[in-house]
Amino acid sequence: MKISVLLFAAAREIAGCESLAVEVSGITTNDAPTIGDLRAGLLHAEPRLAGISRSLLWAVNNEYANDSRLVSESDSVACFPPVSGG
Amino acid sequence: MIELTEQPIDFNAITESVQSNAAGAVVLFLGTVREFTKGVQTDWLEYQAYPEMATASMSKLEQECRDTFTVTEIVISHRIGALQLGDISVAIAVSAPHRTQAFDAGRWLIDTLKERVPIWKKEHFSDGREEWQHPVISQQQQQQQQQQQ
């Protein structure tokens with residue numbers, strides 16, 4: 001299954017693109033992938049993100065999501081560093 | 001009212017928009033672009049947002065604020081794009097029947113916005129360096145630097 005992951009700020013700059021199609025592997029057909037699976041898949045797709053991967057936050061459908069959150073192809077998924085607005 | 005904008009923030013219009021006969025106090029907070037941070041000179045700042053989530057997140061802040069404080073009107077406006085020294089990056093205006101609630105709500109809104117809303121700033125320093133500001137990464141870097149010393 002491929003899931004499109006939107007990237008922002010330093011993650012976007014390091015990857016050099018606004019989104020990445022991440023292949024989620026190592027799961028059975030009955031199990032939906034989790035954000036944890038995507039985190040691993042993202043590093044496989046873009047190894048240069050390894051330097052900041054531990055601080056990257058995830059969001060599914062505009063809500064922060066932890067590693068156990070299930071995702072499907074229809075979800076809007078984003079990955080970004082800690083926020084610094086204001 | 002929630003706003004994410006590339007245009008300069010009109011804080012007079014925002015302040016007027018929260019005024020109400022039900023309110024006895026109006027508090028306005030403005031975040032502005034600072035020239036020096038820890039002795040390093042900033043040339044300009046770039047703000048980037050995840051627009052859909054930032055707007056949803058600011059709307060949730062407004063609702064949580066109404067559930068927690070006794071307020072009359074709330075406006076949160078955040079600017080994105082290229083900002084120069086002195087420009088307003090964020091404006092928060094709150095009206096309330098009494099001043100304590102207006103101050104407390106305004107303080108809570110800006111503090112929580114900075115923790116939660118997916119917006120990032122990139123420093124463009126006068127010496128030509130550029131750096132995305134990410135609080136946690138900066139702390140990790142500081143710890144690594146301290147360990148190396």
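Predicted model: local features only at pLDDT ≥ 70, side-chain atom pairs only at ≥ 80, totals over all residues.
Colleague: What share of the residues in chain B is buried?

Modeller: A residue is buried if 20 or more other C-beta atoms lie within 10 Å of its own. Chain B has 149 residues, and the buried share of them is 30%.

Colleague: Are helices α2 and α3 of chain B roughly parallel or roughly antiparallel to each other?

Modeller: Helix α2 of chain B spans residues 51-68 and helix α3 of chain B spans residues 99-116. Their axes come within 10 Å and cross at roughly 150°. Angles over 145 degrees count as roughly antiparallel. The two helices are therefore roughly antiparallel.

Colleague: Is the crossing of α2(B) and α3(B) left-handed or right-handed?

Modeller: The crossing angle is roughly 150°. The hand of the crossing of α2(B) and α3(B) is right-handed.

Colleague: Is B:Arg66 buried, partly exposed or exposed?

Modeller: B:Arg66 lies in helix α2 of chain B. Its C-alpha atom is separated by 8.6 Å from that of B:Ala105, 39 residues apart along the chain. Because B:Arg66 has 14 C-beta neighbours inside 10 Å, it counts as partly exposed.

Colleague: Leaving aside neighbours within four places in sequence, with which residues is B:Ile74 in contact?

Modeller: B:Ile74 lies in strand β5 of chain B, residues 73-79. With 23 other C-beta atoms within 10 Å, B:Ile74 is buried. Beyond four places in sequence, its contacts are B:Glu62, B:Cys65 and B:Val94.

Colleague: How many residues does the contact take from chain B and from chain A?

Modeller: On the side of chain B that touches chain A, β4 (40-49), α2, β7 (88-96), α3, β8 (119-125) and α4 (135-148) each supply at least two residues. The residues on that side of chain B divide into 15 nonpolar, seven polar and four charged. The contact takes 26 residues from chain B and 17 residues from chain A.

Colleague: Why do the buried residues of α2(A) line one face of the helix?

Modeller: Helix α2 of chain A covers residues 35-45, and its buried residues are A:Ile35, A:Asp37, A:Leu38, A:Gly41 and A:Leu42. They pack against β1 (2-7), β2 (19-23), β3 (57-60), β4 (63-65) and β5 (77-80) of chain A. They line one face because, seen down the axis of α2(A), they fall within an arc of 145°.

Colleague: Is A:Ala9 buried or exposed?

Modeller: A:Ala9 is found in helix α1 of chain A, residues 9-15. Its phi is positive, about 55°, although it is not a glycine. A:Ala9 has 26 C-beta neighbours inside 10 Å, so it counts as buried.

Colleague: Where is A:Asn61 found?

Modeller: A:Asn61 is a residue other than glycine with a positive phi, near 50°. With 14 C-beta neighbours inside 10 Å, A:Asn61 counts as partly exposed. Its place is the loop between β3 and β4 of chain A.

Colleague: Is A:Ser72 buried or exposed?

Modeller: A:Ser72 sits in the loop between β4 and β5 of chain A. The C-alpha atoms of A:Ser72 and A:Ala32, 40 residues apart along the chain, are separated by 6.7 Å. With 11 C-beta neighbours inside 10 Å, A:Ser72 counts as exposed.

Key
Residues numbered from 1 in each chain as written. Chains lettered and ligands numbered in written order. Axes fitted to C-alpha atoms, helices over the stretch in contact; angles between N-to-C directions. Helix = DSSP H or I, 4+ residues; strand = E, 2+ residues; numbered from the N terminus. Parallel < 35°, antiparallel > 145°, perpendicular 65-115°, else oblique. Left-handed = near helix turned anticlockwise from the far one by under 90°. Contact = placed C-beta atoms within 7 Å. Nonpolar A, V, L, I, M, F, W, Y, C, P; charged D, E, K, R; others polar. Buried ≥ 20, exposed ≤ 12 C-beta atoms within 10 Å, placed from the backbone. Arc of directions from axis to C-beta.
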